[in-house]
Amino acid sequence: MAAAAAAPSATHSEARQAAQAYLNERLANGHDAKLARPFTVPDINIAPSFSSNISDRKAVAAQIRDACTNSGFFHITGHGVPKEARQAIINAAKRFTKELPRPKKESLHVKNSKYFRGWEPADYTYVNPGDWSAENAAPETKEGFNWGYEAGLDPTGGDGQYRELDGEDVNGNVWPAEADLPGFYDAVKQYYAEVLQLARHLFRLFALSLDLPENYFDAMTTHPGGIARLLYYPPAKDPQPLDPNQKDKEIGLGAHSDYECFTILLCSTASGLEILSPENVWVPAPAVEESFVINVADFLMRWTNGVYRSTVHRVVNRTTNERYSIPFFFSINYDQTVETLPSCITADNPSKYPPVKAGEYILERLKATAKDG
Ligand SMILES: O=C(O)CCC(=O)C(=O)O
Ligand SMILES: [Fe+2]
């Protein structure tokens with residue numbers, strides 16, 4: 001059953017504690033893990049998935065299933081998102097970071113948003129959320145700007161039913177004034193429209209990959225959650241090569257797993273993203289030209305009863321170059337309550353999770369990473 005009308009939601013603490021426990025467990029264990037096969041981030045050309053022939057679409061879906069049950073990360077090429085839109089959003093990230101004066105950024109400060117939208121300064125988040133009050137707590141080096149879905153960014157025009165993370169009939173986005181950053185909103189809109197439609201397409205492939213009808217998620221993504229961020233990582237002051245025995249001091253973004261269903265990530269430069277293998281080794285995600293990185297996030301892991309893997313990752317800029325990235329975290333309609341997907345329940349793997357409303361789960365996870373959360 002996908003939608004459960006009167007089903008109770010999971011408690012907030014369940015969402016928070018399960019996620020923290022998972023992260024702790026992943027960071028602490030794994031040295032003895034025996035892998036059935038190498039941990040890889042495969043390249044998947046999804047061009048055949050746009051074919052009218054179902055067997056072509058199923059062939060791509062099979063590759064996605066393989067990646068999601070192994071590393072939980074893959075690259076896609078053949079996605080059809082134009083180069084101009086990708087360049088324009090990287091440029092928008094640079095302009096927001098470098099051209100918007102500090103007082104204008106302050107007026108968009110994320111601390112003023114109960115939905116975590118707006119400007120997130122570098123010292124606002126900590127490498128290990130939870131220890132931010134400890135004396136030696138290290139701030140992350142990244143700076144960012146967050147926004148979410150709004151019907152005006154959706155090429156379908158939406159269905160008029162968007163609800164915020166807490167179910168409110170409002171939209172929590174905040175934007176710089178057009179006069180302060182001319183053309184910024186347009187670049188965001190052009191890119192967001194592209195990745196939103198790509199995400200809906202990918203969800204159809206996820207459905208096939210999970211032995212569900214291809215349109216299984218369509219009605220759940222008519223006014224979906226879709227938080228995106230412009231991220232800036234400053235050059236390393238003291239660049240250090242990746243070394244499992246050394247403790248990195250300059251962490252751009254601390255170890256975490258993403259919260260929603262899956263992430264579509266665009267990066268300006270090759271290096272920086274590192275993925276934690278089951279043996280507890282940080283593996284650099286290799287850059288693939290023209291590609292996006294796709295990774296499974298926690299809500300989908302939960303929804304698939306753990307069949308699909310949400311994998312811990314972090315970002316360390318080990319170069320003296322600036323790094324920009326644009327993650328897009330795709331969710332379903334925030335007001336949708338879900339139960340474990342039927343194709344992921346077997347006699348050996350009974351449902352592990354109670355029903356949960358998408359927005360409530362994600363809001364709780366966002367609160368847990370914030371300073372005052
Ligand atoms: O900047 C990146 O490459 C990854 C960002 C990321 O993991 C996140 O924002 O969750
Ligand atoms: Fe992430």
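**The iron site**

Begin by selecting ligand 2, the iron ion, in this predicted model. Its protein donors are His256 through NE2, Asp258 through OD and His313 through NE2, at 2.1 to 2.2 Å from the ion. In the sequence panel, these donors follow the spacing H-x1-D-x54-H. Next, colour the donors by accessibility. His256 is buried, with a relative accessible area of 18%, and Asp258 is buried as well, at 5%. Both values fall under the 20% limit for buried residues.

Now select Arg318, in the loop that runs between strand 11 (313-315) and strand 12 (323-333). Is Arg318 buried or exposed? Arg318 counts as buried because its relative accessible area is 17%, under the 20% cut-off. Display its side chain together with those of Asp248 and Glu274. A polar contact of 2.9 Å links the side chains of Arg318 and Asp248, and another, of 2.7 Å, links those of Arg318 and Glu274.

**Helix 5**

Move to helix 5, residues 184-209. Its 26 residues reach 37 Å from the first C-alpha to the last, close to the 38 Å expected at 1.5 Å a residue. How many residues of helix 5 are buried? The helix is mostly covered, with 19 of its 26 residues buried. After the helix comes Asp211, which has a positive phi, near 60°.

In soluble globular proteins, nonpolar side chains tend to be buried together. To view the largest nonpolar core of this model, select Leu202, Phe206, Phe217, Phe262, Ile264, Phe292 and Trp303, which touch the most other members among its 80 residues. Helix 5 supplies the largest share of this core, 14 residues.

Centre the view on Phe217 and show its surroundings. Not counting residues up to four places away in sequence, Phe217 touches Phe203, Phe206, Ala207, Leu210, Leu212, Trp303 and Leu341. For the last stop, select Phe73, Leu231, Ile275 and Val293, which are included in a second, separate core of 12 residues.

How values were computed:
Residues are numbered from 1 along each chain as its sequence is written. Chains are lettered from A and ligands numbered from 1 in the order in which they are written. This is a predicted model: local features need pLDDT of at least 70, side-chain atom pairs count only at pLDDT 80 or more; totals for chains, interfaces and linings use all residues. Side-chain values use heavy atoms; hydrogens and water are left out. Donors are N, O and S atoms within 2.8 Å of the metal (3.2 Å for Na, K and Ca); water is not among the atoms, so sites may look incomplete. Buried means under 20% relative accessible area, exposed over 50%, partly exposed in between (1.4 Å probe, protein chains only). A nonpolar core is a set of buried Ala, Val, Leu, Ile, Met, Phe, Trp, Tyr and Cys residues joined through side-chain atoms within 4.5 Å. Helices (H or I, at least four residues) and strands (E, at least two) are DSSP runs, numbered from the N terminus. Contact means heavy atoms within 4.5 Å. The expected span of a helix is 1.5 Å times one less than its number of residues. A polar contact is a pair of N or O atoms within 3.5 Å; within protein, one must be able to donate a hydrogen and the other to accept it, and residues adjacent in sequence count only if both atoms are side-chain atoms.
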